Amino acid sequence: MVVSMNSGMVDRFFANFDQQAGFEHGVRRLHATQMLATVFDPSSTNIFAPKGTPAQSILGLSVLVLGICAGIFLIVAGLLLYTIIRYRSRPGDENHEPAQIYGSNQVELSWTVIPILIIVALFLASARVIFVTQKIPKPATALDVVVIGHQFWWEYRYPKLGIVTANELHVPVSESTHPTPTYLTMSSADTDHSFWVPRLAGKTDLIPNKVNTMWIDPEQAGLYLGQCAQYCGVQHAKMLIRVYADTPEQFSAWVAAQQHVALQVPSAAAGREVFLHNACVNCHTVSGTEARGIFGPDLSHVASRATIASGSVPNTPENLRAFINNPSDIKPGVLMPAMHLNDHDLDAVTQYLSTLR
Amino acid sequence: MATHTPRRHGGVFDVLQEWITTVDHKKIGLMYIGYALIFLVVAGAEALLMRVQLAVPNNHFVSPQTFNRLFTMHGTTMVFFVGMPILFGFGNYLIPLMIGARDMAFPRLNAFSFWISAFGGFLLYFSYLAGSGLYGAGTAPDVGWFAYAPLTSRVFSPGHSTDYWTLSVLLSGVGSIGTALNIVATALTMRCPGMKLSRMPLLVWLYVVTSCIAFIAVSPLTAAQIMLVIDRYLGGHFFDTQAGGSAVLWMHFFWIFGHPEVYILVLPAFAFANEIIPVFSRKAIFGYPAMVAATVAIGFISMGVWAHHMFTVGLGPEANAFFTFSTMVIAVPTGIKIFNWLATMWGGSIRFATPMIFSIGFLFQFLIAGLTGVMLAASPFDWQLGNSYFVVAHFHYVLVGAILFMIFAAFYFWYPKITGRMMSETLGKWHFWLFVIGFHMTFDFMHVPGLLGMPRRIYTYEADRGWGGWNMIVSIGAIFQTAATLIFVYNLIRSYYKGEEAGPDPWDAWTLEWSTSSPPPSYNFAEIPTVHSRRPLWDLKHPDDPDTNYE
């Protein structure tokens with residue numbers, strides 16, 4: 001309820017910008033009438049293609065700021081260009097100096113006051129988006145997710161649902177009639193990180209010993225990409241983010257599957273033995289087993305994920321086997337050590353992990 | 001100079017001894033400049049390697065570890081061992097000459113400051129040989145030039161590479177404070193008769209403000225380095241988050257230095273523009289008092305904007321709003337400067353010698369850099385663009401498009417004074433045009449991947465994001481800039497031997513340094529001059545219509 005009131009505020013806010021920025025108006029009409037027909041490019045991380053309220057409010061402000069700055073640029077650069085051409089030295093000028101003018105207080109005053117007025121306007125527009133985004137109460141329908149940054153992967157915990165997963169965040173689509181935003185409570189287990197999915201919202205840092213919050217409300221089902229935006233060590237580049245915005249049905253199904261204890265497929269018993277009798281258990285959790293490590297990603301449902309190594313490569317048996325064999329082959333600098341398993345054990349443990357749907 | 005000690009010629013050791021033991025402000029200034037030029041080439045080569053790596057997605061030209069060292073060393077070197085020394089070098093050389101003095105106020109402090117800074121630079125690069133200490137294989141620092149905690153703690157940065165970074169920045173800070181002190185003391189106490197503060201050349205005014213910023217801004221950085229050493233070796237917990245320390249505290253310490261640092265670097269560039277643009281427009285600077293006031297305003301406001309580097313840290317909406325406002329306000333005095341330069345050219349007779357065309361490039365590029373700065377100041381926009389390639393493009397527009405362009409302009413302008421010979425105008429124009437093309441290819445197009453979601457400091461990127469083509473253009477631009485810089489270095493060397501004789505005043509300029517011979521004698525002025533206006537040489541050249549009538 002609070003969010004719908006709030007999106008009303010946001011709409012009015014946009015209506016103000018519409019008068020100044022016709023471009024923005026066009027974008028919104030397209031969005032309203034052709035939402036289903038819009039081409040959805042899942043690989044895009046373009047800040048000009050927002051699919052959530054925070055990213056959209058930011059874009060509205062950005063277009064205003066860009067427009068004003070472009071106007072200032074055209075005027076000042078035009079004046080500079082005119083001056084340089086008009087007052088260039090011409091043959092014969094060497095013999096006399098131009099009139100010496102030392103200044104004018106009136107002129108100084110005008111180019112002090114006008115910029116101040118522009119700045120006050122820009123500040124007010126910015127302040128509005130700051131407060132609309134960062135200072136709204138959490139609605140009762142919101143989903144809570146705890147995000148913990150690690151070198152170099154993401155841990156996601158759903159405290160009210162009893163789910164722990166990694167690297168691929170599943171959230172429900174938030175419809176304007178029934179808003180279900182997701183509130184992220186964020187911190188870090190080691191160094192600083194930053195959570196940035198450009199089409200959903202601006203970035204928020206994950207800082208050890210500090211708790212930050214942000215919210216997202218994807219308006220269209222699909223995959224949204226992003227990546228860590230604060231340098232966090234060797235593999236900062238491969239700390240990728242995948243946010244799946246699920247329809248209500250997809251989300252319920254996903255939640256139900258994740259809430260299951262990890263499968264114990266009889267045919268994978270040998271691989272499970274390898275897993276449980278190696279150092280794997282020191283860092284990884286598989287629910288329903290003695291594996292309760294917390295340094296690495298929870299593997300209870302690892303086979304349900306599309307990628308491994310924080311989005312680095314697709315989750316195929318070949319990639320999984322290669323990663324277990326020597327993680328640094330796929331992701332140099334990753335903290336997981338090479339496990340030095342023989343081929344038989346490697347095949348078995350790969351097969352076991354592939355059953356953890 | 002008549003000297004009674006027998007002169008010894010030719011001995012390398014004699015020359016070395018003369019330069020190592022010198023306390024002459026001009027020699028120290030030249031050592032600063034030469035030292036900075038060497039590091040400019042080194043850090044430029046590091047940038048080139050990074051651009052090769054990023055030209056195409058999923059490249060394996062360098063390893064992630066190497067890439068992380070490259071951007072750390074590039075940033076640290078360019079800020080502390082290129083930007084600061086080259087600007088202090090020009091300040092050292094020019095300030096006594098422009099105020100009619102024979103040396104800086106504290107010549108020995110001057111030498112000390114140079115050598116301690118120089119030692120810092122060598123220490124930083126020594127890390128390539130000795131970084132890991134006990135492990136035997138050397139590595140350079142890889143924590144980024146702002147070295148955020150807790151990545152710098154011993155848990156995440158074992159070995160000694162981070163210590164080399166800390167100590168070299170600490171030493172550079174000591175040198176910077178020493179030189180800043182010297183500049184302020186010189187400007188306040190050593191001016192020639194008649195030179196009231198209101199007649200002091202704008203260049204000197206700007207260096208005084210820069211130096212005052214350095215006092216306030218460099219001290220917290222230096223303190224933070226000591227705190228980091230305490231954390232790493234003496235069991236302190238200032239930034240040790242695992243023991244209750246604060247990562248955000250480091251950010252505050254760093255950026256309360258880091259943002260004023262931008263003004264420490266850019267004010268000297270403005271200072272050069274204040275001297276060069278009037279001479280080549282053949283007009284007095286427009287609005288001298290407004291220029292001084294705007295500079296002092298920038299100095300004050302620059303102290304209150306640091307947390308715009310921290311809009312995504314979670315300081316809360318109130319703090320974000322405050323720093324949005326304070327950051328935008330700084331655009332006002334900066335705008336005043338641009339308008340005054342414009343008004344100086346207005347009605348003038350503009351001569352497009354190499355120093356002036358670099359200054360014109362500076363004006364356009366600084367305008368764009370300022371406007372992208374306003375965009376980033378709007379904190380919600382920064383939530384998207386902060387730490388993206390848009391930011392990298394923005395601050396390179398300031399550092400290269402504004403500061404480096406004015407440094408090039410300063411070289412072409414004062415080289416005749418320093419060496420007695422003109423630099424080649426033909427090579428200068430080649431340098432300018434190649435550099436302009438390269439600069440715009442690199443830094444205009446670098447904004448785009450940022451808007452498309454590319455964060456900085458990644459050694460490689462996914463092929464499907466649509467960043468590849470933009471990065472290729474950016475990298476090609478770097479080649480142009482490299483070629484242009486090589487032409488510039490060649491021009492510096494060639495002109496020393498083959499350049500035209502300059503005479504004392506080749507540009508028909510108006511400040512005191514042009515009243516003495518080129519190069520100036522070690523005592524600068526045979527007789528200390530007396531001035532009656534801001535442009536003493538104008539008064540001499542135009543006795544019928546001196547400036548004294550109008551001030």
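**Figure 1. The contact between chain B and chain A in a predicted model.** The contact takes 74 residues from chain B and 75 from chain A. Two residues are in contact if their C-beta atoms, placed from the backbone, lie within 7 Å. On the chain B side, H3 (64-98), H7 (247-281), H8 (288-301), H9 (317-329), H10 (331-345), H11 (354-377) and H12 (379-385) each supply at least two residues. Helices (H or I, at least four residues) and strands (E, at least two) are DSSP runs, numbered from the N terminus. H10(B) gives the largest share of this side, 9 residues. By class, this side of chain B has 46 nonpolar, 22 polar and 6 charged residues. Ala, Val, Leu, Ile, Met, Phe, Trp, Tyr, Cys and Pro count as nonpolar, Asp, Glu, Lys and Arg as charged, and the others, Gly among them, as polar. Residues are numbered from 1 along each chain as its sequence is written, and chains are lettered from A and ligands numbered from 1 in the order in which they are written. In this predicted model, local features need pLDDT of at least 70, side-chain atom pairs count only at pLDDT 80 or more, and totals for chains, interfaces and linings use all residues.

**Figure 2. The largest nonpolar core, around B:Ala402.** Chain B has 17 helices and 0 strands. Of its 551 residues, 61% count as buried. Buried means 20 or more other C-beta atoms within 10 Å of a residue's own, exposed 12 or fewer, and partly exposed in between, with C-beta atoms placed from the backbone. A nonpolar core is a set of buried Ala, Val, Leu, Ile, Met, Phe, Trp, Tyr and Cys residues joined through C-beta atoms within 7 Å. The largest one holds 275 residues. B:Ala402 is among the members that touch the most others, as are B:Ala36, B:Val204 and B:Ile403. Leaving out residues up to four places away in sequence, B:Ala402 touches B:Val266, B:Ala269, B:Phe362, B:Gln365, B:Phe366 and B:Ala369.

**Figure 3. The buried face of helix H6 in chain A.** H6(A) spans residues 269-276. A:Gly271, A:Arg272, A:Val274 and A:Phe275 are buried. Seen down the helix axis, the buried residues of H6(A) fall within an arc of 160 degrees (taken from the directions from the axis to the C-beta atoms), so they line one face. They pack against H7 (280-283) and H10 (343-354) of chain A.

**Figure 4. A:Asp246 in strand E10 of chain A.** The strand covers residues 240-246. A:Asp246 counts as partly exposed because it has 18 C-beta neighbours inside 10 Å. Beyond four places in sequence, its contacts include A:His170, A:Phe251 and A:Trp254. The C-alpha atoms of A:Asp246 and A:Pro218 are separated by 9.2 Å.
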